[in-house]
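User: I'd like to learn how to read the strands and the packing in a model like this one. Could you take me through it feature by feature?

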Amino acid sequence: MPPRSSHQPRAGTYVPYMAFIIFSAIFVFRLDVFVTQTISTARRNQEYKYESTIQEPSPPTVFKNENATFHKHVLVTWGEFHTEILNDGELLMLTLDKHSGSGFQSRKQLLFGKIDMQIKLIPGNSAGTVTTYYFSSVGDHHDEIDFEFLGNSSGNPYTLHTNVFSQGKGEREQQFFLWFDPTADFHTYSILWNPKNIIFYVDNIPIREFRNLERIGVPYLKDQAMRVYSSVWNADDWATQHGLVKTNWSLAPFNAWYRNFSMDGCIWSPETRASACTDVDFTTRPVLKTVLDRRSRARMKRLQKKHMVYDYCKDKWRFPKGPGRECRMN
C-alpha cells in the first residue's frame, strides 16, 4: 500500500471544525429565540409610556361590537401623526418611519372574551420592523397574550411569534411560518380567552392552545382585565437575524393596515372593579365556554407539525431541567 500523501487530509482532521460549525448553528438558532423574549419587554416600554388614562363606563355593560369603527372603539396612544383612520372609521393604518412608529389600544378592558382583527402586514423588505397585536394588563405581574409579526428581508417569510404571560411569567414562545403571504391581503387573527383556555386562531383555524391548568400549579390568566393593543415599531437592533439585517429607511414609510376589529366579551370597570358578565353568562355564552373539540385539536396538531418552527416545550437548551408543567398537557 502506498504511503499516505502528506497533502491528503486525515479522517479526524475535520472533526473539530464540524463540531464547531454544528455548535455555532445551534447557538445561533437558540439565540434567535432568546432575543425574541425581549419583544414584550421592549414593546411595553415603548408603548406604555404613551398610555393615557381612560374612563370606563359605570356600571359595566355586556359589550359586543362587530365591524366596529376605530373612531369609537380604539384610542391612538402614540405616533398620532403616523396613524390614519379612513373609510368612515372602518380602516386604520399604522406607519413607521425613521422618526416614529405608532400604536393604539382599545378604549375598553375585558375580563375574558374574544377579539378579531384583520391585518395586512408591511410588504416587501420589512426587516427590522415589528407589528404587534395582543391582550395585556399593566403592572409588574401583568398578564399578556401575544401575536407579534417579525419582519424580514424580501423573499423571506415573516415569523409569527406567539407568547403567553401569566402573573409576569412568559417564556412560552411558539413560532410559525404562515402558509400564505400576510402582506398580499388581509387575514384574520383572533384570540379567544375564557376561564377554560386561550386559543390563537389564524383565519378561524386554531394554531395554538393554552389550557387552564391551575390544578397542577400553573398560574392562569383570570384576575387581571386586559386591553387590546397594536403597534408598528422599529427593532432592528435584534428583530431580524439578531440585528445583522437593519431597517432600510429608504423604503419608508412602512405601513400596516387594520380592519374589521371586533370584541365579544365581558367589560371590566376599574371604577367598580366588577365584570359585566354574570354566572349565567359563563354557562350560556359561547365565547365564555368554548374549548377545542377533538377534531379541531387534531387539525391544530397537523398545522403545528407542518408550520411551527419553534416550540419552547421542546427546547432542552433553554430549559435543561424541563419546560413548564403545562407542556405535559398543552
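Analyst: Let's start with pairing: two strands pair if DSSP finds at least two bridges between them. Helices (H or I, at least four residues) and strands (E, at least two) are DSSP runs, numbered from the N terminus. One caution: this is a predicted model, where local features need pLDDT of at least 70, side-chain atom pairs count only at pLDDT 80 or more, and totals for chains, interfaces and linings use all residues. Residues are numbered from 1 along each chain as its sequence is written, and side-chain values use heavy atoms, with hydrogens and water left out.

User: Which residue in β9 stands opposite glutamate 144?

Analyst: Phenylalanine 165 does. The two strands here are β8 and β9 (residues 159–165), which pair in the antiparallel sense over 7 bridges.

User: What holds paired strands together in general?

Analyst: Strands of a sheet pair through backbone hydrogen bonds, either parallel or antiparallel. In this model, an open sheet of 8 strands runs in the order β2-β5-β14-β7-β8-β9-β10-β17, with antiparallel pairing. Its edge strands, β2 (74–78) and β17 (308–311), each pair on one side only.

User: How does β7 pair with β14 and with β8?

Analyst: With β14 (residues 227–234), β7 makes 8 bridges in the antiparallel sense, and threonine 131 stands opposite valine 232 there. With β8 (residues 144–150), β7 is again antiparallel, over 7 bridges; tyrosine 134 has aspartate 146 as its bridge partner.

User: Is β7 buried or exposed?

Analyst: First the cut-offs: buried means under 20% relative accessible area, exposed over 50%, and partly exposed in between (1.4 Å probe, protein chains only). By that scale, 8 of the 8 residues in β7 (residues 129–136) are buried. Both faces are covered, with Thr129, Thr131, Tyr133 and Phe135 on one side and Val130, Thr132, Tyr134 and Ser136 on the other.

User: How do I read a nonpolar core?

Analyst: Think of a set of buried Ala, Val, Leu, Ile, Met, Phe, Trp, Tyr and Cys residues joined through side-chain atoms within 4.5 Å. The largest one here has 61 residues, and Phe135, Ile145 and Tyr189 are among those with the most contacts inside it. Strand β15 (residues 254–269) gives the most to this core, with 8 residues. Apart from it lies another core, of 5 residues, including Trp78, Val130, Leu150 and Trp233.

User: What does tyrosine 189 touch?

Analyst: Contact means heavy atoms within 4.5 Å. Leaving out residues up to four places away in sequence, tyrosine 189 touches, among others, Ile115, Met117, Tyr133, Phe147 and Val202.

User: Why does glutamine 118 count as buried?

Analyst: Glutamine 118, in strand β6 (residues 109–120), counts as buried because its relative accessibility is 16%. For its polar contacts, look for a pair of N or O atoms within 3.5 Å; within protein, one must be able to donate a hydrogen and the other to accept it, and residues adjacent in sequence count only if both atoms are side-chain atoms. The side chains of glutamine 118 and asparagine 260 are joined by one of 2.7 Å, while a 3.3 Å polar contact joins the side chains of glutamine 118 and threonine 188. Glutamine 118 and threonine 188 are 70 residues apart in sequence, yet 4.2 Å apart in space, C-alpha to C-alpha.
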